[in-house]
Amino acid sequence: MRQTVLIVGLGLIGGSIALALQKSPQNWVIGYDTNPDTLQSAKVLGVVNEAATDPEQAIRYADVCIFATPVNATLAWMEKLTTWQLPENLIVSDTGSTKTLIMEKACELQAQGISFIGGHPMAGSHKSGVLAAKPILFENAYYLLTPLAEEKPERVEQLRELLKLTNAKLMVVDAEEHDHMTSIVSHFPHVVAASLVHQLSEENEENQLTKQLAAGGFRDMTRIAASNPQMWSDIVQQNKKHILEQLHRWQAEMTRVEAIIKRDSEQEITAFFAGAKDFRDDLPLTQGAMFSTYDLYIDVPDHPGSIAEVTALLAQERISITNIRIVETREDVFGILVVSFTSEEDRNRAAKCIKTRSPYEYYIA
C-alpha cells in the first residue's frame with residue numbers, strides 16, 4: 001500500500017526515520033523543519049523525497065504524520081492540528097522520550113476524531129542533526145508505541161507495519177508504564193551522572209589532581225552527563241513524578257549502603273558488589289533507553305604510529321569506528337586505547353582483526 005508520510009523535525013531522529021522509511025518504494029516521505037538550512041540539507045542529501053515549506057498544506061496529503069521534535073514543541077504542534085484541515089484516516093505519532101503529557105493531549109485530539117499514537121524510538125548517537133541521520137540508527141533498539149486504550153487496533157497495526165522498516169523492536173505499552181520504566185533506566189541515571197560530576201567539581205576546588213584522576217571509570221560512568229542540558233531539563237520537568245520516586249528509592253538505597261559500610265563486614269560488602277555484578281552481567285547486550293556503544297579495549301604501546309596502525313588495520317577490514325580515545329587512568333580498565341563500534345558484530349570483527357593481524361592484546365568489557 002502506497003503511503004505518504006510527513007515528518008516534522010529533521011534532526012538525527014526524524015532524519016533517520018525518513019531514511020528508514022524510504023527503504024520501501026511504496027513510501028513517499030515529505031519533510032519539514034523550522035530551520036531552512038536543515039530542510040535544504042535534507043532534500044539535497046536525499047533524507048526526504050520532498051521538502052515542504054508549509055506543514056499545514058503538506059499534511060493534507062499525508063497518511064501518517066510523525067513529529068520528531070522535543071516534547072514541548074510536539075505539544076505545540078498537536079495544538080495546531082486542532083485548527084488544520086486533516087485527511088480522514090490520518091495517523092499522527094511522535095518520538096518524544098516522555099509520554100504522559102503527550103497522551104493527555106492526545107485525548108483532546110481523539111475527541112475531535114484525530115488518531116494519535118505515541119512513539120519513542122529508544123536509540124541515539126553521540127552526533128546530532130540531519131547530517132548524522134542514518135537508516136540503521138534504530139536497528140535492534142526498542143521502539144515503544146503508546147496508543148490510547150480506545151485507539152482502533154488496525155490503526156496501531158498500520159503504524160507498526162510502517163515502522164518495521166526501521167528494524168527496531170516494536171512494543172506497545174501504556175504511557176504511564178513507559179514513563180515509569182524510562183525514569184529507571186534513562187532519566188534518573190542522567191540525574192545521578194550529573195550529580196556525580198557536580199560532586200567532583202566541588203572536590204576539585206580543594207584538590208585539582210582529583211580531576212586528572214577522573215579519566216577512567218568515572219569518565220565512563222558519567223558520560224551521559226555530557227548530554228544536551230536543555231533537553232534533559234525538559235525531560236526532568238515532564239517526568240518529574242517518576243524521577244522523584246526513583247530519587248527517594250535511591251536515597252533509601254544509599255542509607256542501606258551506608259549501614260553496610262559502617263558494619264564493616266567483609267562478607268556483606270562482598271555480597272553487595274557481587275549482587276550488583278551478577279545482575280549487571282545479565283543485562284541484555286542491546287540498545288536501550290540510553291545510547292550505547294560496543295567498546296574494545298586495546299593495550300597498545302606508547303610510541304608514535306601505534307594508534308594509526310590499529311585504525312589502518314580496521315580500515316582494511318572495512319570496519320566502521322564511531323569513536324576512539326586514550327585512557328589515561330588505568331584503574332579497572334584493560335587497554336589504554338578504547339575503540340567504539342555501533343554493533344556487537346563490528347566489535348567482534350575488530351577483535352578478530354586485532355588478534356590475527358597485530359601483536360596487541362585486547363579486552364571486551
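**Exercise 1.** Classify glutamate 157 in this predicted model as buried, partly exposed or exposed.

*Solution.* Take the relative accessibility of glutamate 157: 37%. Buried means under 20%, exposed over 50%, partly exposed in between. Glutamate 157 therefore counts as partly exposed.
Next, find its partner. The side chain of glutamate 157 meets that of arginine 160 in a salt bridge, 3.8 Å from N to O. Both residues lie in helix α6 (residues 153-163), three residues apart, about one turn of the helix. Arginine 160, at 23%, also counts as partly exposed.

**Exercise 2.** Describe the salt bridge of glutamate 108 and lysine 105, and state which network holds these residues.

*Solution.* Start with the distance: 3.0 Å, N to O. Then place the pair. Both residues lie in helix α5 (residues 100-111), three residues apart. Now check accessibility. Lysine 105 has 14% and is buried; glutamate 108 has 44% and is partly exposed. Finally, widen the view: Glu79, Lys105 and Glu108 are linked in a network of salt bridges.

**Exercise 3.** Determine how the rings of phenylalanine 272 and phenylalanine 273 are arranged.

*Solution.* The centres lie 5.0 Å apart. The angle between the planes is 75°. Planes over 60 degrees apart count as edge-to-face, so phenylalanine 272 and phenylalanine 273 form an edge-to-face pair. Phenylalanine 272 is partly exposed at 25%; phenylalanine 273 is exposed at 55%.

**Exercise 4.** Name the residues of the cluster linked by ring pairs, and the residue over the face of tryptophan 77.

*Solution.* The cluster links Tyr32, Phe67, Trp77 and Trp84. Lysine 80 lies over the face of tryptophan 77, 4.3 Å from the ring centre.

Conventions: Residues numbered from 1 in each chain as written. Predicted model: local features only at pLDDT ≥ 70, side-chain atom pairs only at ≥ 80, totals over all residues. Heavy atoms only, no water. Phe/Tyr/Trp six-rings, centres within 6.5 Å; stacked < 30°, edge-to-face > 60°. Buried < 20%, exposed > 50% of the residue type's maximum accessible area, 1.4 Å probe, protein only. Lys NZ or Arg CZ within 6 Å of the ring centre and 35° of its normal. Salt bridge = Lys/Arg side-chain N within 4 Å of Asp/Glu carboxyl O. Helix = DSSP H or I, 4+ residues; strand = E, 2+ residues; numbered from the N terminus.
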